[in-house]
Amino acid sequence: MTDVADTERSEAARKLFAGPVEFLKSAPELKFLPDQDVPEIAFAGRSNVGKSSLLNALTNRSGLARTSNTPGRTQELNFFDVGNPLRLRLVDMPGYGFADAPKDLVKRWRHLVNDYLRGRTVLKRALVLIDSRHGLKEVDRDVMRMLDDAAVSYHLVLTKSDKVKPSALGALYEATKVDAAKHPAAHPRIFTTSSETGSGIAELRTAILDAATS
Ligand code: GDP
């Protein structure tokens with residue numbers, strides 16, 4: 001790809017995300033999913049990984065996505081429409097990995113997410129968010145395996161990059177790359193982002209638009 005094409009793509013992504021972004025609906029069960037009429041990009045991550053902050057940073061809004069720290073109140077998929085005319089839909093999946101989440105809640109989460117991942121032909125890519133301070137945990141690998149099994153291509157995104165030293169971030173990036181290579185549906189391109197400084201946000205916007213239009 002030429003530099004000019006790169007610049008055009010990133011400008012198109014910037015414009016798209018600077019334009020209309022609207023909350024569409026929450027789906028606590030599959031029967032409430034919206035029609036499959038536009039490409040979807042789904043966001044997954046352990047609770048507190050910075051998922052809401054990243055969604056807000058990508059869309060230049062402060063209150064689009066909100067977290068609830070109460071396990072059990074976040075067992076739904078939230079859909080956000082991007083663009084007018086509509087170009088793509090961002091899907092905020094419920095956070096996982098609460099320290100002492102009740103077993104039936106974890107089971108519900110798996111059912112909802114698995115059913116969504118397996119049946120969704122418009123789902124073009126998932127983003128699995130990993131806190132740069134903690135790296136990949138077993139519960140993340142579990143989700144990566146779910147995505148592998150569902151054949152949903154995903155990027156790993158190292159969030160809160162401002163919280164760690166560049167040398168530690170570099171080491172984490174390399175280690176994560178090695179891990180990703182073991183997963184058939186993991187995309188080799190890994191992102192590092194900071195919703196605080198804006199680092200990596202423009203690149204991720206472009207990747208989202210690319211995935212939605214591929
Ligand atoms: P969620 O539970 O995954 O939606 O996480 P939130 O977006 O609510 O973020 C959890 C906490 O991490 C909040 O206190 C945020 O302010 C903080 N946070 C999120 N993203 C960043 C980031 O990029 N840098 C820093 N320094 N803090 C962040």
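The model is a predicted one. Its open sheet has seven strands in the order 1-3-4-2-5-6-7, with mixed pairing, and the largest nonpolar core contains 33 residues.

**The sheet and its pairing**

- The edges of the sheet are formed by strand 1 (21–27) and strand 7 (191–192), each of which pairs on one side only.
- Strands of a sheet pair through backbone hydrogen bonds, and this pairing may be either parallel or antiparallel.
- Strand 2 and strand 4 pair in the parallel sense over four bridges, and within this pairing Ala42 has Val91 in strand 4 as its bridge partner.
- Strand 3 and strand 4, by contrast, pair in the antiparallel sense over five bridges, with Leu90 in strand 4 as the bridge partner of Phe80.
- The hairpin that strand 3 and strand 4 make has five residues between the strands, and in this hairpin Gly83 takes a positive phi near 95 degrees.
- Strand 5 and strand 6 run parallel and are joined by six bridges; Ala126 has Tyr154 in strand 6 as its bridge partner.

**Strand 4 inside the structure**

- In a regular strand the side chains alternate between the two faces of the sheet.
- Both faces of strand 4 are covered, with Leu88, Leu90 and Asp92 buried on one side and Arg89 and Val91 buried on the other.
- Because five of the five residues of strand 4 are buried, this strand is largely enclosed by the rest of the structure.

**The nonpolar cores**

- In soluble globular proteins, nonpolar side chains tend to be buried together.
- Within the largest core, the residues with the most contacts are Leu77, Met93, Tyr116, Leu117, Leu147, Tyr154 and Leu156.
- At least two residues of this core come from each of strand 2 (40–45), strand 3 (77–82), helix 3 (103–119), strand 5 (123–131), helix 4 (138–150), strand 6 (154–159) and helix 5 (166–180).
- A second, separate core has 28 residues, including Leu64, Phe191, Leu209 and Ala211.

**Helix 4**

- Helix 4 has 13 residues and reaches 18 Å from its first C-alpha to its last, which is close to the 18 Å expected at 1.5 Å a residue.
- The buried residues of helix 4 are Asp140, Val143, Met144, Met146, Leu147, Asp148 and Ala150, and they pack against helix 3, strand 5 and strand 6.
- Just after helix 4, Ala151 takes a positive phi of about 55 degrees.

**Helix 2 and helix 6**

- Helix 2 (residues 51–58) lies across strand 2, strand 4 (88–92), strand 5 and strand 6, and runs at about 145 degrees to strand 2.
- Helix 6 (residues 201–213) lies across strand 2, strand 4, strand 5, strand 6 and strand 7, and runs at about 155 degrees to strand 5.
- Helix 2 and helix 6 pack with their axes 10 Å apart and at an angle of about 80 degrees, and are therefore roughly perpendicular to each other.
- Where these two helices meet, Leu54, Ala57 and Leu58 belong to helix 2, while Ile201, Leu204, Arg205 and Ile208 belong to helix 6.

Notes
Residues are numbered from 1 along each chain as its sequence is written. This is a predicted model: local features need pLDDT of at least 70, side-chain atom pairs count only at pLDDT 80 or more; totals for chains, interfaces and linings use all residues. Side-chain values use heavy atoms; hydrogens and water are left out. A nonpolar core is a set of buried Ala, Val, Leu, Ile, Met, Phe, Trp, Tyr and Cys residues joined through side-chain atoms within 4.5 Å. Buried means under 20% relative accessible area, exposed over 50%, partly exposed in between (1.4 Å probe, protein chains only). Two strands pair if DSSP finds at least two bridges between them. Contact means heavy atoms within 4.5 Å. Axes are lines fitted to C-alpha atoms, for helices over the stretch in contact, and angles run from 0 to 180 degrees between N-to-C directions. The expected span of a helix is 1.5 Å times one less than its number of residues. Angles under 35 degrees count as roughly parallel, over 145 as roughly antiparallel, 65 to 115 as roughly perpendicular and the rest as oblique.
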